[in-house]
Amino acid sequence: MLPMVFSNIPQRALIATTALVLMVACAAEPHQAVQPVSFNANPATPVPVTPATRATQPERPLTQGAIEEAPATEESFTQWCHRFRAEALAAGIDASVFDQAFKGLQPDPEVVASDRSQPEFSRPVWEYLEGALSLPRISIGQRLLNQYEALLKQLEAKYGVSRHILVAIWGMESSFGRNIGDKSVIRSLATLAHEGRRPDFAKTQLLAALKILQNGDISLERMQGSWAGAMGQTQFIPTTYQDYAVDFDGDGRRDIWDSVADALASTAHYVQASGWDNRHTWGFEVHLPKNFDYALADPDIRKPLTDWRRLGVIIPSLPGQDAALGTLVLPAGYRGPAFLVLDNFRAILQYNNSTSYALAINLLAERFNGGGRILARWPKEQRILSRSERLELQTRLNELGFNSGVPDSIIGANTRRAIRAYQQQLGWPADGYPTPELLAQLRR
């Protein structure tokens, strides 16, 4: 539907006016480009995930990245802007809001590069956790827990989410608000919608971002975030913002950029909706018996704690929680620590679908109180497969009839299932973990 301001303008004049606006607003031609719940233990996957595509994705080498081709587009950025304007207005965006947001807009080549880059090497989980659980982050988190004690107590009472979890997410997502991203959310999402790898997703987020501007929650200049459009102190994507952002300080705006109260309340609202229950723990480290069937470390397998005890798993005493359903997680395979994780762990996976991230959040929350120590030794002598080796592993598994899905270097649920099946055929511990030894066997 056309906005009221255009209702009395002849159609021919309207078309001419619209074209003129778009010539001014989208003045750039294409440039030459130079980049929910399953358990993904690879912490270096740069794929956007809810609610944000992260400032919290682990640091990773940038010098050996491979370039992944985006879908080819013959439509110029100017042409795309013209077409998208009609869609935005039909979706309820005011013409003035759109034209202001897109005035002089050009695609961002850094966003394209980030979207297409796939790092050749990833960090092992123990290195990721070492960075996540650094002494400075713990110290700052403890200080902020005291500084915002009254606010956090209110949020805990209203949403039933642990204050320590909220501060841990705050620290992981933006270093407690110090690194919220400096890219225009509108420019980043427009770039990705025009020539990114997930244009439909980006377009949905872009429409949501325009609606946020239209609502007056944030100014265009202040709407900044990551290259993938994640925003604010706890890095929400626009659609998550629309559904869960909260005006907790009562100033009439849901300001997750500059209001600590709004940012943490919005996070609490989202984590609550994801299933967090303060009456229960997230999980715990366990000890596995000899000759244990490691194939039980499958995200689809959930057993009451009593059943895990019958299998010989040594579990801490948890009064009243024997009926709780636990899933066994082996972040570094059978040679490393083992964890039984419960529903609260899955709630954090809704925030970022990575076991390494969810472990980091929950362990960091415990570190604020002096806990969160892992007793078992990490297999630091074990080399991590590079991206190209992970692609080769998936390809060879497929060739042998072990379906790992389309090779993408991401060791997700399908790949782990295929690895377990192959390991069982070999008579190896079927932990679903990719190793150089496994790849060498596949090469034979």
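A few ground rules come first. Since the model is predicted, local features need pLDDT of at least 70 and side-chain atom pairs count only at pLDDT 80 or more, while totals for chains, interfaces and linings use all residues. Residues are numbered from 1 along each chain as its sequence is written, and side-chain values use heavy atoms, with hydrogens and water left out.

The nonpolar cores make a handy starting point. In soluble globular proteins, nonpolar side chains tend to be buried together. A nonpolar core here is a set of buried Ala, Val, Leu, Ile, Met, Phe, Trp, Tyr and Cys residues joined through side-chain atoms within 4.5 Å; "buried" means under 20% relative accessible area, "exposed" over 50%, and "partly exposed" in between, with a 1.4 Å probe and protein chains only.

Helices (H or I, at least four residues) and strands (E, at least two) are DSSP runs, numbered from the N terminus, and two strands pair if DSSP finds at least two bridges between them. Strands of a sheet pair through backbone hydrogen bonds, either parallel or antiparallel.

E7 itself is mostly covered, with four of its five residues buried. On to strand E8 (residues 338-341), which pairs with E7 over three bridges; there, Phe 339 is the bridge partner of Val 329. Phe 339 also stands opposite Glu 285, a residue of E5, and E5 and E8 pair over four bridges. In a regular strand the side chains alternate between the two faces of the sheet. E5 shows this pattern: Gly 283 and Glu 285 point one way, Phe 284 and Val 286 point the other way, and all are buried.

Two helix pairs deserve a look. Helix H9 (residues 185-195) is mostly covered, with ten of its eleven residues buried; among them are Ser 188, Thr 191, His 194 and Glu 195. H9 packs against helix H10 (residues 199-215) at an angle of about 155°, with the axes 8 Å apart. Axes are lines fitted to C-alpha atoms, for helices over the stretch in contact, and angles run from 0 to 180 degrees between N-to-C directions. H9 and H10 are therefore roughly antiparallel, given that angles over 145 degrees count as roughly antiparallel, under 35 as roughly parallel, 65 to 115 as roughly perpendicular and the rest as oblique. Contact means heavy atoms within 4.5 Å, and the residues making it include Ile 186 and Leu 189 of H9 and Leu 206 and Leu 210 of H10.

In the second pair, the axes of helix H7 (149-159) and helix H12 (residues 260-273) come within 10 Å and cross at roughly 25°. That makes H7 roughly parallel to H12. Among the contact residues are Leu 151 and Leu 155 of H7, and Leu 264 and His 269 of H12.

Some loop residues are tucked in too. Ser 162 lies between H7 and helix H8 (163-174) and, at 12% relative accessibility, counts as buried. Beyond its neighbours within four places in sequence, Ser 162 contacts Glu 156, Trp 276 and Asn 278. Phe 176, in the loop between H8 and strand E3 (183-184), is buried at 10%. Phe 176 and Gln 233 are 57 residues apart in sequence, yet their C-alpha atoms are 6.8 Å apart. Met 231, between strand E4 (224-225) and helix H11 (238-244), is buried at 0% relative accessibility. Its C-alpha is separated by 7.5 Å from that of Gly 181, 50 residues away along the chain. Met 231 also contacts a list of residues that includes Val 185, Met 223, Tyr 241 and Trp 257.
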